[in-house]
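Sequence and structure come first.

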Amino acid sequence: MTSPYRIDVHQHLIPPAYRAVMDRHGETAGGWPIPAWDADSALAMMDRRSIATGILSISAPGTHFGDDPEARAIARMVNEYAAELARDRPDRFGFFASLPLPDVDGALAEATYALDELHADGVVLLSNVRGRYLGDKEYEPLWAELDAREAVVFVHPDVPPLPMLEGMPGPLLDFPYDTTRTAVHMTLNGVMSRHTRMKVILSHAGGFLPYAAWRFTAGAQFNPGTTPLGILTDLQRFHFDTALSSTPAALPSLLAFAAPGHILYGSDHPFAPEESGLLLDSLLDGYDGFKPGQLDDINRTSAEALFPRLAGI
């Protein structure tokens, strides 16, 4: 074990009251079992894996179960719970505030409260909510507000509006696809070109985005006002975390595509079992294709640029 130094931008929390809400609605994380979680166990895991600080977020299915007022109440509950953890241990925890999309007015109000009053490190958005993707024109007021604040936006996948294949729960197969789908949707609809002050992190190395980015530039044929070069430039505005993706097959593609300083460490705790997480950590730390300083950037320095309060902690 070494002294904790990583900054983990993809770590989840499951407050007891939120678990109760999920149970009441009969929800799962896209067919994936909901693991046990508590703050003390998270800290112990972080110490074992050299993680100094975890930026916590709610995973799929998010906070909206079909009713806007309920979603606003759930978002407020989980955000205040996360804020208390961060207040108690600001060196060990931060958090991305949940927003009750597709309720845009509710999302704007909660973003204002969470960023101004709770001092959230950013916000978390799901790749789609009930089939509405993040490039939807109805979300423009939210993007404008987040951009004006130069906010950090963490995009986490959810199941797409497609039938789940038997034996293949959403996190296994569909999550990488849906991250890719919403990122391209945002780009082709101009979200990334209009709003260049905010920083958007895509989960799990952006799904298939780095591998297939050049293919997506063909979208210029069908989206007036875009060009292949412009699409590629905007796709490279994204940041990417390494959760479940620091493998010999995925890392070369991610490193070849991502802009310098745009790759960040992610664990996906507690949804990713620690046994597999430790293996992925060893693959990341043992990868021999990094340029000088690149591993340190991934593990910490790039996150310090997004979250200056963590610099030097």
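## Cavities, pockets and a helix pair

The lining of the second largest cavity is made up of eight nonpolar and two polar residues, with no charged ones. The model is predicted. The residues around this second largest cavity are H12, L13, I14, Y18, M22, I34, I58, S59, A60 and F271. The space inside the second largest cavity is about 50 Å³.

The structure has two cavities of 30 Å³ or more. The largest cavity holds about 60 Å³. Its lining has 13 residues, and R49, L244, G266, L280 and D281 are the closest to its centre. Six residues of the largest cavity's lining are nonpolar, five are polar and two are charged.

**Open pockets**

The largest pocket has a volume of about 600 Å³. Its lining counts 26 residues, with P171, P176, H204, L244 and S245 nearest the centre. At least two lining residues come from each of helix 6 (170–188), helix 8 (209–216) and helix 10 (250–257). Helix 6 provides the largest share, four residues. By class, the lining of the largest pocket splits into 17 nonpolar, eight polar and one charged.

The second largest pocket has a volume of about 360 Å³. It is lined by 23 residues; P61, H64, L126, V129 and D158 are the closest to its centre. Here strands contribute: strand 4 (122–126) and strand 5 (128–129) each give at least two lining residues. Strand 4 gives the most, three residues. The lining of the second largest pocket has twelve nonpolar, eight polar and three charged residues.

| Space | Volume | Lining classes |
|---|---|---|
| Largest pocket | about 600 Å³ | 17 nonpolar, eight polar, one charged |
| Second largest pocket | about 360 Å³ | twelve nonpolar, eight polar, three charged |
| Largest cavity | about 60 Å³ | six nonpolar, five polar, two charged |
| Second largest cavity | about 50 Å³ | eight nonpolar, two polar, no charged |

**Helix 1 against helix 3**

How do the axes of helix 1 and helix 3 cross, and within what distance do they come? The axes of helix 1 (residues 16–25) and helix 3 (residues 68–88) cross at roughly 150 degrees and come within 9 Å. Angles over 145 degrees count as roughly antiparallel, so helix 1 and helix 3 are roughly antiparallel to each other. Helix 1 brings P16, A17, Y18, V21, R24 and H25 to the contact, and helix 3 brings E70, I74, M77, V78 and Y81. These contact residues comprise eight nonpolar, one polar and two charged. Y18 belongs to this contact and also lines the second largest cavity.

Note on methods: Residues numbered from 1 in each chain as written. Predicted model: local features only at pLDDT ≥ 70, side-chain atom pairs only at ≥ 80, totals over all residues. Heavy atoms only, no water. Axes fitted to C-alpha atoms, helices over the stretch in contact; angles between N-to-C directions. Parallel < 35°, antiparallel > 145°, perpendicular 65-115°, else oblique. Contact = heavy atoms within 4.5 Å. Nonpolar A, V, L, I, M, F, W, Y, C, P; charged D, E, K, R; others polar. 1 Å grid on protein atoms, 1.4 Å probe; cavity = no way out; pocket = protein on both sides within 12 Å on 5 of 7 lines; lining within 4 Å. Points joined across faces, edges and corners; volume = space filled by probe spheres on them.
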